[in-house]
Amino acid sequence: MTAADGTVFFLPGLGFDAAAAAPIADALDSLAGNRLRAVGIDLPGHGGSPDAPNGSVSALADRAIQVMEAEADGGPFVIAAHSMGGKVAAVVTHRILSGEANVFGLAGLVLLAPSPPTPEPMADDKRAEMLAWAENGLISEEHAVEFVAQNVATAPGDDDERAAIAQVRLMSPLAWRRWLTDGSTEDVSEELGSIDLPVVVLAGEDDDDLGASAQPHLVAKLYPRARVVPLAETGHLLPYERPAEVAAEIVRLWDATVSASPQLTPEWGRLVASDRTAPEARGFLARRLIADDPDYRPRALSAAQLATLRVLADRLLPQPGDRRIDLAARVDDDLASGRGDGWRNAGQPDDASAYRLGLDDLAALWPDDSDEQNAKAEQDALIAGIVSGELNDHEALGGDDWKGAMRQHWFDDVRADLTRIWLAHPASLARVGYDGFATSGAATGDAGYVAVAAGQRDPWEPAELGSVASDDDDDDAYDDDHDRLVANNTRTVEENPAWI
């Protein structure tokens, strides 16, 4: 059997454990074969696992991350989470994207009627009733049956119903009470802020508290890119009521993110996740790996200016294949956020204004692409003329604000920005063989690199970078290794245009 393309980590809701992932795993197998492996996680007090030190959401997240660090293979993954698990997933995601967790490759979330980061909406009498069920020990079969029945609109099959009831009965009474009194009422929204990554939220239309009508309001601030999918004739127990629909949304998210953007091999992913990489660096790389929003709306530029920048980016930094970085969108986001290299040529306007003037100017000069072959040559000539300065005296739309060497200086900045953003992506770092991000973590001690000859690597480096250096390697081998490395890494002009 071939290895899976990636992993789905499943965080169950209150009363349920890793076994609740089984219906979704079966549906994934039917839909996607062995593309995705599902890993269910027993949160503290669930599935016979030990109770957490306290009732905080953070303590539940500690356990989830512990399992993910042990089970992750370095490849891409998504987190699927139900109800209580959704609140835990928010804390887990925040830690992953900050670099605090030793796991790398998060592509997005699929949340099933998730508990919000704010106190969970629940009537006081309902909370009191549920607390009473676990007041004197394990939940009785009668109350477990009632709990399952209250949370479904369509009864699951007999096997699934028995499995769900058995999980509820197995749960620690202490963990049950702690969630109702502590975890569900905790407000973690301020520490989480806004988490910008692809998110799908599925919710039943017959779920009173965490259903389809409530979720848009509950998730909007935390997940600005969330897409809410309402499910008719569905209650709260989505893993058992709608496993096929859940699996379909997982695959859809996977195809829109992992399959559409550059990825690292698992070996590189494990290196980023390791203690060789400092948490801050791991966080930067984790956030840069997130697939771009296909519906991105410009924040600093106009829609027309962004379209021009995309065309230019494709010409300056062509990305073959279907896995792409939206370099133009990332430039626009930097401009809107005030991120940049911190300097500009004398007399040049601020970065955002310069981009607006420059892109409008370029759009007026850009050759008609109706004849693709001739247009390409004309585009090359235009770009070369701007780079060389031959077009400095060409009339510009910006008038006095865009004259002389302004166009040339701005174009220098554009090329630098696009190249910087491309190279900052972790998949690009792997492509050029740069693993310097892994020399400042806790595991490195005082050592950075030991092997410094071309074609050789330290034992911790990815195998594709060369052979492991030995103590008796002759330094004179450097020249031969260097010549071979250069030959193997020669790129065509088409892959790396001269103006980059």
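**Helix packing and nonpolar cores**

In this predicted model, helix α15 (residues 327-337) and helix α18 (residues 406-424) have axes that come within 10 Å and cross at roughly 105 degrees. Because angles of 65 to 115 degrees count as roughly perpendicular, α15 is roughly perpendicular to α18. On the α15 side, the contact is made by Leu-327, Arg-330, Val-331 and Asp-334; α18 contributes Asp-417, Leu-418, Arg-420, Ile-421 and Trp-422. Five of the residues in this contact are nonpolar and four are charged, with no polar residue among them.

Helix α18 can also be considered by itself. Its 19 residues should span 27 Å at 1.5 Å a residue, and the end C-alpha atoms are 27 Å apart, so the two values agree. The buried residues of α18 include Trp-410, Phe-411 and Val-414, and also the charged Arg-407, Asp-413 and Arg-415. Asp-417, Leu-418, Ile-421 and Trp-422 are likewise buried. Besides α15, the buried residues of α18 pack against α14 (303-316), α16 (351-365), α17 (372-388) and α19 (426-432).

The nonpolar cores complete the picture. The largest nonpolar core has 101 residues, and those with the most contacts inside it are Ile-79, Ile-96, Trp-176, Tyr-223 and Ile-250. Helix α3 (residues 84-98) supplies the largest share of this core, eight residues. Leaving aside neighbours within four places in sequence, Ile-96 is in contact with Met-68, Phe-77, Ile-79, Ala-101, Val-103, Leu-106 and Ala-286. A second, separate core of 31 residues includes Ala-300, Leu-312, Ile-383 and Leu-418.

Technical notes: Residues are numbered from 1 along each chain as its sequence is written. This is a predicted model: local features need pLDDT of at least 70, side-chain atom pairs count only at pLDDT 80 or more; totals for chains, interfaces and linings use all residues. Side-chain values use heavy atoms; hydrogens and water are left out. A nonpolar core is a set of buried Ala, Val, Leu, Ile, Met, Phe, Trp, Tyr and Cys residues joined through side-chain atoms within 4.5 Å. Buried means under 20% relative accessible area, exposed over 50%, partly exposed in between (1.4 Å probe, protein chains only). Helices (H or I, at least four residues) and strands (E, at least two) are DSSP runs, numbered from the N terminus. Contact means heavy atoms within 4.5 Å. Axes are lines fitted to C-alpha atoms, for helices over the stretch in contact, and angles run from 0 to 180 degrees between N-to-C directions. Angles under 35 degrees count as roughly parallel, over 145 as roughly antiparallel, 65 to 115 as roughly perpendicular and the rest as oblique. The expected span of a helix is 1.5 Å times one less than its number of residues.
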